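Biologist: I have a structure open and would like to talk it through. Can you take my questions one at a time?
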Amino acid sequence: MPATELLLDITLGVLLLILAGAALHGTRLYTGIISFIAFGLLLALVWARLGAPDLALAEAAIGAGLTGVLLLSALGRHADEPAQPGSAVRTLATLLLGVLVLILLLRAVLPLAQGPQPLPALVNSQLEASGVSHPVTAVLLNFRAWDTLLELLVLLLAVLGVRQLQPAGRPRPGVWPLLQAWSRILAPLSVIIGGYLLWRGSHAPGGAFQAGALLAAGVVMLRLAGLLPLLRWENGLLRLLVLVGVALFLTVAAAGAWFGAGWLNYPAHWSGALIVLIEVAATLSIAASLSLLVVGERQELGR
Amino acid sequence: MSGASLYLGLGVLLWLLGLHGLLRLRHPLRRIMAINLMGSGTFMVMVALASRSGHNDPVLQALVVTGLVVAVSATAFALRLAVAHQAHRSRQRPTGEHEE
Amino acid sequence: MTLALASLLLPLGTALLMLLLRLRSGIWVIAASLGSLLCAGLALHEVIEQGVQTLAIGGWRTPLGIRFELSSLTAVLLVFTAMTHLLVAIYAQHSRHSHARNTDYWPLSGLLHASLAALWLSRDLFNWYVTLELLGLVAVAMIILSGPRAHAPALRYLLLSLAASLCYLLGVALLYGRYGVLDLDLLAQASEADHSTRMALLLMTVGLMLKAALWPLHLWLPAAHSSAPTAVSALLSALVVKGPLFILWLLWSRVAPVDMTESAGLLFALAGIVALLAGGWAALRTPLLKTLVAYSTVAQLGYALLALGLLLRWQQSELSVALWLFVLAHGLAKVSMFLAAGEMQATLGSKRVASLKGATQTMPVAMFAFAVAGGSLIGLPPSGGFVAKWVLLQPLLLEPIHWPWALGVLLGTLASAAYVFRVVALSFDRADATPPDYDPDPFAQWLALLPAIAVWGLALFSQPLILWLSEASG
C-alpha cells in the first residue's frame, strides 16, 4: 500500500482518537457533544475509505445528524457536571489495566487480518437467486432477512419505550427564521434523495435504512422549523406508518410458511418485487419511527 | 502494517476508550456517548475485517448496518430516558439545579 | 416447526394489532398466550415423536442463512414462556395494582413473549445479538411503566445492558473474523483453542453474564426488578434473565474447545457458590420486600451457574438437566413470589418487609403462595426445586472428592431457607398485625398461588421432563 494512503489512515485515526477523547473528557459538556458529532462525520469518511459506502451514508445521516440533534436537545436539560477530582494513583492504575487489556485484545484481533472468508464467495454465487444485484441489500433483505425484521422491531420498541416516559414539559424554543427558509428547500431535497437512495439500493449502495434516515432528517428539520403540524400517536395513519414495515414483513414471512416454500421464503420470480415492496414499507416505518424518536413530544406520543 | 490492521487496532482502542468512559464518568450524556464510542469501535473492527484481503465482505457490512440501526434506536431511547429522569429530578428539587 | 413458529407469531401479531387498533383489553393477550401455549405444547409433542427439527430461514442453508432449531429443550422453554405469560396476564388483567391500564403494558408483554421465543429458536450468533437487544429494550420499557421513580434504575439497566451487548458483539466479530461463520453448529465443528477464540469467548461471557445478572455482575438487578410494576417484575425474574443464560450454556457446552472448559468451569462453579451465599445474605438483610425477592433471584441463579460450571468441568452433560430444571422451577416459583409480594405490598401500603406482620391473618392466601413458592426455592420435597437439586446432587454425592461442592449447595439451601423463614415467621406474628389499606383481593391472591402450585406439580412430571431435557443436552 502506498505511503500516502497509510499516512492518511494514520491521520484519520489520530483525529478520531482526539475527538473521542474530547467527547468524553472535554471540559464542558457542549464541547464534548460537538466533538462527538465531528467524530461521527469523520467516521463516515473512514467507512468510505474502508470500502463501505452503505455505512458511510448511514453514519452521516445517523451518527452526525439525528444523534447530534438528540444530544444537543438533551443538553438543554442537563447541568454541566461538577469536575471529578481524580487521584493520581487511581489514574495510573486504570492506565496500567487499560494497557494490559489493550495488549490482550490486540493479540486476539491482529491475527484476524488473515482469516477464512467463505461467505463473500457464497453471497456472490447466490446473488442471481436473491432478486437484487447489490450484495449488501441481498444479505439484508434476503439471506439474513430475519435479522432485519427483528431490527425493525427494535426500532418499534424504542418508540414504545419513549412513549412510556412522562412528559418532559419543555417549552419549544422560538423558531429561527433562517432555519424556516432553509428547511423549505432542504426538506423536499431530502425526500428526493431519500427516494433515490431507496431505488438505488437494489443495485448499488443505499437502501431502506439510509433512505429512511434521510427522510427522518427532513421531517425533523420541518418540525423544528415549525412547518409541520403535531404528529399524534392517536392518528391512525401515523401508527400505520410506524407499523407497516414489520407488519408487511411478517405477512410475507407467514404467507411463505403456510402457502409457499417456507418461512421468509420468497417465491422464485417474485423475490425482486417483494424485496422492493418490503423496502418501501421499511423506509416509511424507519422514517416515521426515527422522527418520533427525535422530535416526538408528549403531544405527539401522548396517550 | 496494512490499512486493515491499523483499523482493527483503532477499533479495539475506541472500544476500550468507550468502556473506560462508561465505568469512570457519571454524567448520563457522557456515558451515553461512551457507549456509542464502544459501538463505533466494534463496528470499526467489523468493517476492517470486512475489508481485509482486498474484496469486501457484504455479510459483515450488512451486519454493521443492522447494528447501527439497533444502536441508534437504543441511544435515542436512552437519551430520552435521561432527559425524563433529569426533568423528574429537577421537578422534585425546584431550586433550578439544571440551569447553567 | 410450523407450530413453533405459530407460537412465536401469535403474541407478536397480537401486539402489533393492539398497537395499530389501540386495543386496551388484556383479553387479547390472554387469548394469544393461550394459543401460543397450545402451539408450543403441540410442537413439543411433535419433537418427541419426530426428533430435533431445523429450519433454514428463507430457504438459505447455513452459513449463508440463519438457522432455527427446535429441540425438546427449546420446545419445553417455549411451553414455559407461554405458560408464564398466560399466568401473569391473567393476574395483570384482574389485579388493581398491575399498571396494565392506560399504558402499553399489553403490547409490550406480547413483544417480550415473541422476543424470547425468537431467542430460544435461533442458533445464530448475530441473530442472538438482535434478540438480546430486543429483550433489553422491552425490559426497560416495561420497568418505566411504574412511573418516574423507576427512571434511575431503568437508565442504569439500559446503559449496562447496551454495554453488555457491545461486549457480546465484539466477541461475535472476533469469532466471525477467525472462522468466517456465525452458525452455532458450524462454529462448534471449527473451533480451536487459540488466542482469538479465548478472547472472543471471554468477551461474550462477560456480556452475557452481565445481562443474566450472574454474580459478580448482578448489581443492577435488585433495583431494576424491584422498581418495576409487579407483573413486570415477575416476567423479568422468571424469563428475561434466562435468555442470556441459554446462549451462555450453548456457547460453552458446544462451541468452547475442551481444554478451555475445564478451567472456566471451575470459575463458573465458584461464582455460583458465591452467588448463592452473597445473594442469600443480601436477601436476609434488606428491609424491602420486593428487593428481597429480587436478591433471591441473584442467589437462585447461582444454582444454574454452579450446574453450568460443574457440567463444563467434568464434561457431564446430565448436569444440564439440573440447570434447566432449576430454571423452570425458579421461574414458576418466582412468578408466584413476586405476584404475592406485590399484592401484599400494595394492599398493606408499605414496601417494607416489616409490614408483613400478621399477614397470615390479613392476606392468608398470598402469604401461603409466598411460603409455598419459597418451599420450592429452598428445595423441600416434592417440589420442582427439590427435583432439580436432587439431579444436581446425585453426581456430587457419588465421589468423596466432590463433597465440598455438595457442602456449597447445602449452605445455599440454608441461606434460602433463612430468607424465606424471615418473611414467613414475621407473618405469623399476629399480635400487632399491619392493617390493610384496602380490602384484600382474594381472587388476585389465588392467581398468585397458581404458579406456586404448578411448581410443586412439576415434580409429578419430573420423569418425562428429565427425559426430554437430557435428550436435548446429549
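Modeller: Start with C:Arg22, which sits in the loop between helix H1 (2-21) and H2 of chain C. Keep in mind that this is a predicted model.

Biologist: What is phi of C:Arg22 near?
Modeller: Phi there is near 55 degrees, which is a positive value in a residue other than glycine.

Biologist: Is C:Arg22 buried or exposed?
Modeller: C:Arg22 counts as exposed, because it has 12 C-beta neighbours inside 10 Å and the cut-off for exposed is 12 or fewer.

Biologist: What about C:Gln315, where does that lie?
Modeller: C:Gln315 is in the loop between helix H13 (289-314) and H14 of chain C. Its phi is near 55 degrees, again a positive value in a residue that is not glycine. C:Gln315 has 13 C-beta neighbours inside 10 Å, so it counts as partly exposed.

Biologist: Now helix packing. How do helix H2 and helix H3 of chain C cross?
Modeller: The axes of H2(C), residues 27-50, and H3(C), residues 72-94, come within 8 Å and cross at roughly 160 degrees. That makes H2(C) roughly antiparallel to H3(C), since angles over 145 degrees count that way. The crossing of H2(C) past H3(C) is left-handed.

Biologist: Which residues make the contact?
Modeller: From H2(C) they include C:Val29, C:Leu37, C:Ala40 and C:Val47. From H3(C) they include C:Ala75, C:Val79, C:Leu86 and C:Ile90. The contact of H2(C) with H3(C) divides into 18 nonpolar, six polar and no charged residues.

Biologist: And what about H10(C) with H14(C), at what angle do the axes cross?
Modeller: The axes of helix H10 (residues 230-240) and helix H14 (residues 319-348) of chain C come within 8 Å and cross at roughly 160 degrees. H10(C) is therefore roughly antiparallel to H14(C). H10(C) passes H14(C) in a right-handed crossing.

Biologist: Who meets whom in H10(C) and H14(C)?
Modeller: C:Thr230, C:Ser233, C:Ala234, C:Ser237, C:Ala238 and C:Leu239 of H10(C) meet C:Gly331, C:Lys334, C:Val335, C:Phe338, C:Leu339 and C:Gly342 of H14(C). By class, this contact of H10(C) with H14(C) has six nonpolar, five polar and one charged residues.

Biologist: Different topic. How many helices and strands are in chain A?
Modeller: Chain A has 12 helices and zero strands. Of its 303 residues, 46% count as buried. Among the contacts in chain A with a separation of 6 or more, 69% come from residues 24 or more positions apart.

Biologist: Pick one residue in chain A for me. Where does A:Ile193 lie?
Modeller: A:Ile193 is in helix H8 (residues 177-200) of chain A. A:Ile193 is partly exposed, because 19 other C-beta atoms lie within 10 Å and buried takes 20 or more. The C-alpha atoms of A:Ile193 and A:Ala204 are separated by 14 Å, and the two are 11 residues apart along the chain.

Biologist: How many residues of chain A are in contact with chain C?
Modeller: 47 residues of chain A are in contact with 45 residues of chain C. H7(A) gives the largest share of chain A's side, 12 residues. That side divides into 31 nonpolar, nine polar and seven charged residues.

Biologist: And how many residues does the contact of chain A with chain B take?
Modeller: It takes 66 residues from chain A and 64 residues from chain B. H3(A) gives the most to the side of chain A that touches chain B, with 10 residues. By class, that side has 45 nonpolar, 12 polar and nine charged residues.

Biologist: Last one: what does the model score?
Modeller: The scores are ipTM 0.92 and pTM 0.94. For chain C, the mean pLDDT is 90, and 99% of its residues reach 70 or more.

Technical notes: Residues are numbered from 1 along each chain as its sequence is written. Chains are lettered from A and ligands numbered from 1 in the order in which they are written. This is a predicted model: local features need pLDDT of at least 70, side-chain atom pairs count only at pLDDT 80 or more; totals for chains, interfaces and linings use all residues. Two residues are in contact if their C-beta atoms, placed from the backbone, lie within 7 Å. Helices (H or I, at least four residues) and strands (E, at least two) are DSSP runs, numbered from the N terminus. Ala, Val, Leu, Ile, Met, Phe, Trp, Tyr, Cys and Pro count as nonpolar, Asp, Glu, Lys and Arg as charged, and the others, Gly among them, as polar. Axes are lines fitted to C-alpha atoms, for helices over the stretch in contact, and angles run from 0 to 180 degrees between N-to-C directions. Angles under 35 degrees count as roughly parallel, over 145 as roughly antiparallel, 65 to 115 as roughly perpendicular and the rest as oblique. A crossing is left-handed if the near helix is turned anticlockwise from the far one by less than a right angle, and right-handed if clockwise. pLDDT is the predictor's confidence in each residue, from 0 to 100.
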